[in-house]
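I opened my notebook to look at how the ligand sits in this model. My notes follow the order in which I looked things up.

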Amino acid sequence: MGRDPLIGLVGKPSSGKSTMLNSLTDAGAKTGAFPFTTIDPNKATGYLQVECACARFGKTHLCRPNYGSCKDGRRFVPVMLLDVAGLVPGAHEGRGLGNKFLDDLRHADALIHVVDVSGSTDAEGKATSGYDSLQDVEWLRGEILRWIEGNLKEKWGSIKRRHISTKSSSVDTLQNQFSGYGSTAAVVQRCLDRIRLTEPLDQWSDATIERVVSAFVDEKFPTILALNKIDHPDADRCIYRITKKYPDMDRIVLTSAISEVFIRKLVKQGYAHYSGTDELVTKSEDPDDRFHLKEITDERLQMRIDTLRDMLFYRWGSTGVIAALQAAARQLHLIPVFSVRNIHTFTNSSTDDGVFKDCMLIKRGTQVGSVVRRIMGDIPIAFVEGVGGVRVAKTDTVDVGKNDILCFKIGH
Ligand SMILES: Nc1nc2c(ncn2[C@@H]2O[C@H](COP(=O)(O)OP(=O)(O)OP(=O)(O)O)[C@@H](O)[C@H]2O)c(=O)[nH]1
Ligand SMILES: [Mg+2]
């Protein structure tokens, strides 16, 4: 991952992918209650919330990020979000916009599967009632698997011949095939380890190829489920069925993308204060006028806010969209790593007292040497310093609070 992480939004048509994108970014993507509103993918910047190093050193007042922002020690680090066309059953064979959609996803690092739990859209995204969206959770993964399997099996004969004639390792041969999905040899190795596969590649059966692809999808496209439209009165049934079948709550988040979009609009118009995670504050909840909010005079608007409080905040606590992004990033084990020019002041220049200006999301456990290459590219680095000016070995690893503030000394 040599760039900002890319999170793909996937799901059947009309599940709320574009609305989710709009709720997390300033994209303004087109949304609509009919299938295939989105055809070309929409890409926009969202922000992952992490703890900033400035809080650890009592320097929140001096924190001035070059990218994103920082508020009271809470850092908003850019991540890319990609909203693609809806997927329908049979997409891997080209149904709907199948192949195109899937190809758009190649470079995603993690996926948010947006599942419509209102029961009001069928598998193709058409209006209906009482639909059981548990089915969507199951077939969508199947479509991604069949797509990659199809691409592999189509060429398996020549892949095998080449593998034998070049005496390549299984990892190298597979990596040749998977590099188009943004894979690396390390990813391929991890996926073979995951299924403890030792059988030589030229003897793999169709069933073995399927196991390899399944492990590859788990490794390369870790997916969380955003159960969306929880504001809908019929949502409870689907939520119950899905959470019963998939009890891993780290991978399931309940969301109402449309409510987050609505709240963001209220905030922009000056009617509400909202941090994204706490309760919504309007003028009547702010007697001391801390937030200088406008009075809501439109009765219909007031009613919509009251319903939102009853149906959403009271029952579920939040709109869930920020939690969905955080959950997707958690699958990638990302931590913020801060690079500074001066390891004692945490600044980048002697004339600017802004601290921790540069921050990058890096996979926990990455070696310092790889972090150097990610941040500095080919610039030669003589040595690396950590907090207190202590030298850090390039083979040492990064974690929260450990080698996560680094200073690179240029030279040979
Ligand atoms: N009640 C409710 N409706 C929602 C929510 N999110 C999206 N919708 C509605 O669902 C419909 C489809 O939303 P989109 O965001 O266009 O869905 P999409 O998944 O991008 O659809 P395609 O681009 O056609 O694949 C729109 O009418 C949205 O207003 C939600 O959280 N609650
Ligand atoms: Mg869309």
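I began with the helices around ligand 1. Helix H1 (17-24) and helix H10 (257-268) each supply at least two residues of its shell. I then asked which element gives the most to that shell. H1 does, with three residues. I kept in mind that this is a predicted model.

Next I listed the shell itself. I found 23 residues around ligand 1. Lys-17, Thr-19, Phe-36, Thr-37 and Asp-231 come nearest. I sorted the shell by residue class and got seven nonpolar, 12 polar and four charged residues.

What lies 2.5 Å from an oxygen atom of ligand 1? I found an N or O atom in the side chain of Thr-19. For Ser-256 I noted a polar side-chain atom at 3.5 Å from an oxygen atom of ligand 1. I checked cover after that. On its own, ligand 1 has 660 Å² of accessible area, and the protein covers 89% of this.

Last, I looked up the domains. The chain is divided into domain 1 (6-41 + 84-245) and domain 2 (271-315). I took the centres over C-alpha atoms and got 38 Å between domain 1 and domain 2.

Conventions: Residues are numbered from 1 along each chain as its sequence is written. Chains are lettered from A and ligands numbered from 1 in the order in which they are written. This is a predicted model: local features need pLDDT of at least 70, side-chain atom pairs count only at pLDDT 80 or more; totals for chains, interfaces and linings use all residues. Side-chain values use heavy atoms; hydrogens and water are left out. Domain bounds come from an automatic or database domain assignment. A residue is near a molecule or strand if one of its heavy atoms lies within 4 Å of it. A polar contact is a pair of N or O atoms within 3.5 Å; within protein, one must be able to donate a hydrogen and the other to accept it, and residues adjacent in sequence count only if both atoms are side-chain atoms. Accessible areas come from the Shrake-Rupley method with a 1.4 Å probe; for residues, only the protein chains shown count as cover. Helices (H or I, at least four residues) and strands (E, at least two) are DSSP runs, numbered from the N terminus. Ala, Val, Leu, Ile, Met, Phe, Trp, Tyr, Cys and Pro count as nonpolar, Asp, Glu, Lys and Arg as charged, and the others, Gly among them, as polar.
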